[in-house]
Amino acid sequence: MDGSRIRRALRVLGFLALVAALALAVQHWGYRAALSEMSRRGASDLALASDRLTGELQRYRQLSVLTARHPYLAPRLRGPDAGRAEALLRQTADMTGALDILLLDPEGHEIAGAGNALRRSDAGTPWFERAMDGALGVAHLSSRRYGRRVFLFAAPIFSPDGPVAGVVLVVTDVEAIEAGWRGDRPALFFTDETGRVFVSNRSELVGRTDLGRVSRSFSMGHEIWRLAAGPYLPERGLHLSQPLPVIGLTGEALLDTATARRIALLQAAAAAALCLAFGALLFLATIRRRTLARANARLEERVARRTVALQAVNANLQREVAERAAAEARLRRAQAELVQAGKLSALGQMSAGISHELNQPLMAIRSFAENAETFLARDNPQAAGRNLERISELARRMGRIIRNLRAFARQESEPVRDVDLVGVIEAALEMAAARARQAEVTIDWTPPEAPVVVRGGEVRLQQVVLNLVGNAIDAMEGRARKRLSIAIARDAGRVRLTVRDTGPGIDAPDRIFDPFYTTKEVGAAEGMGLGLSISYGLVQSFGGAIRGRNHEEGGAEFTVELDPAQASEAA
């Protein structure tokens, strides 16, 4: 056996010894507490029994005094009275349950009684002599005359002159008193000054004088008797006593300590069981902790190895993340450049029309300026003023066109904000107007009376609308009927912009937003297939949606859904 097992066995033995010591201490404490409680209850029972016995005897004590004062008895001491005294004593004994009532003369002779036999003399007895001295005489004895144990109460009868003229002796049957509480718990007995048991609720104790020689011991301040006195008496009992000087006896009780021992043993067993259960749980917890410690050590070793591997993987991931971040940055720049390229491409497509739009006002301005000079030379300022007003209106028109072009050409980096969708459409149509007239396309557009404010970016949204309008114009090339319809509506809490043409429709609606997908001829200046893909990304950045389909009546229809601005912000 190795050292660890020896130490473990020693700890187990030490714990068991500690549990045994604790159980003994609990047993000692429980036994002491049980004895104290038993002593308290036994003392109470003994006091009640003593009061009961004293009360029973007190009735006969008072009976002797009252009978001695009856007027029938004094005349009987002086001579015959026709049996009135005998009748009185007999009737009184029958009514009170006294064993006998006797009338004694000053010499102690029985001259009347409740019974028929008058054969004794009480002269010289302690109770008679005490009664003749004018006091109440009390005695207890085992009477041969009555064949039982009796209590005697002798009361003096005083003459009218004062001296004691006689004695009334009341005889009480002790067995009649015992009959009412024989067999009750606990075992009670009353002993006289010689130690003889005179009254008891256990018949086997009556008359015994050897109880003073039983085995006695003192446990925790209590007197414990050991005796073998029959099946109705405890082998080990707690002894209690109480003096009763009124009747000349000592009240004693004997309480069985088996219950106290059983309670103490149960408490000790419970304490030992709890300690053993706790010890078992602690032992199991210790074993589990050791097992967990070993498993934890193995786990930490594996974690350490794994950590080294993860650190290497993490370094690789960090490099990959840095590369991906750089790639995403390059992609964003490429996307921005692509969007800008799309704008410039659209501007290139519109350059001819825009040149025409700017050239016409310039030619008109020149003509109106020359006319105004002529009118001024002819002293006609009113006509010159009208020409100047027309020149101002044409200049404003040119400034609006240039402003829209400049705004469209710049790269927008502002966050999503509230934008007037009607103004965006107006600006896009103004830039595409020349191209539409050149392609002989009719534009159906009726702006709402109030602004329609949506969430988006003004320049980016213009690019989306211009891409849709430009694609529609290109799709209707060579068609007999060329009509472009633009409408704004509200549906399910969102603003819906619809752009519809009368072209040939869409060949593959599920691919129209794929990059580099186009249905235009290869080699065309505008056939790169990026316009709708860019528009899709821009609308998604606003939190909106864009989709295309073939209309039931022919042609293609594109729908852009955007989130409306809040009511307070729109106001």
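The dialogue below takes up a sheet, its helices and the nonpolar cores.

User: Let's begin with the sheet. In what order do the 5 strands of the open sheet lie?

Analyst: Happy to start there, keeping in mind that this is a predicted model. The order is β13-β15-β16-β18-β17, with mixed pairing. At the edges sit β13 (442-445) and β17 (545-550), each of which pairs on one side only. From one strand to the next, the twist averages 15°.

User: How many bridges join β15 to β16, and which residue stands opposite S485?

Analyst: There are 7 bridges between β15 and β16, and the two strands run antiparallel. S485 faces R500 in β16. The hairpin they form has 2 residues between the strands, and A492 takes a positive phi near 55° there.

User: Which strands does helix α8 touch?

Analyst: Helix α8 (residues 421-438) packs on the sheet against β13, β15 (483-491), β16 and β18, and its direction makes about 170° with that of β13. Another helix, α10, lies across β17 and β18, running at about 140° to β17.

User: How should I describe two helices packed on each other?

Analyst: Two packed helices are described by the angle between their axes and the distance between the axes. Here, the axes of α9 (residues 458-475) and α10 (residues 531-541) come within 9 Å and cross at roughly 145°. The crossing is left-handed. Among the residues that meet are R460, V464 and L468 in α9, with L532, I534 and L538 in α10. The contact divides into 6 nonpolar, 6 polar and 1 charged residues.

User: Now the cores. Which residues touch the most other members of the largest nonpolar core?

Analyst: In soluble globular proteins, nonpolar side chains tend to be buried together. The largest core in this model has 47 residues, and those touching the most other members are L73, I101, L103, F151, V168, V170 and V199. Helix α1 (residues 3-68) gives the largest share of this core, 11 residues. A second, separate core of 41 residues includes V424, L429, I546 and L562.

User: What is V199 in contact with, leaving aside its neighbours within four places in sequence?

Analyst: Its contacts include L53, F151, W181, F189 and L249, as well as R149 and E178.

Definitions and conventions: Residues are numbered from 1 along each chain as its sequence is written. This is a predicted model: local features need pLDDT of at least 70, side-chain atom pairs count only at pLDDT 80 or more; totals for chains, interfaces and linings use all residues. Side-chain values use heavy atoms; hydrogens and water are left out. Axes are lines fitted to C-alpha atoms, for helices over the stretch in contact, and angles run from 0 to 180 degrees between N-to-C directions. Helices (H or I, at least four residues) and strands (E, at least two) are DSSP runs, numbered from the N terminus. A crossing is left-handed if the near helix is turned anticlockwise from the far one by less than a right angle, and right-handed if clockwise. Contact means heavy atoms within 4.5 Å. Ala, Val, Leu, Ile, Met, Phe, Trp, Tyr, Cys and Pro count as nonpolar, Asp, Glu, Lys and Arg as charged, and the others, Gly among them, as polar. A nonpolar core is a set of buried Ala, Val, Leu, Ile, Met, Phe, Trp, Tyr and Cys residues joined through side-chain atoms within 4.5 Å. Buried means under 20% relative accessible area, exposed over 50%, partly exposed in between (1.4 Å probe, protein chains only). Two strands pair if DSSP finds at least two bridges between them.
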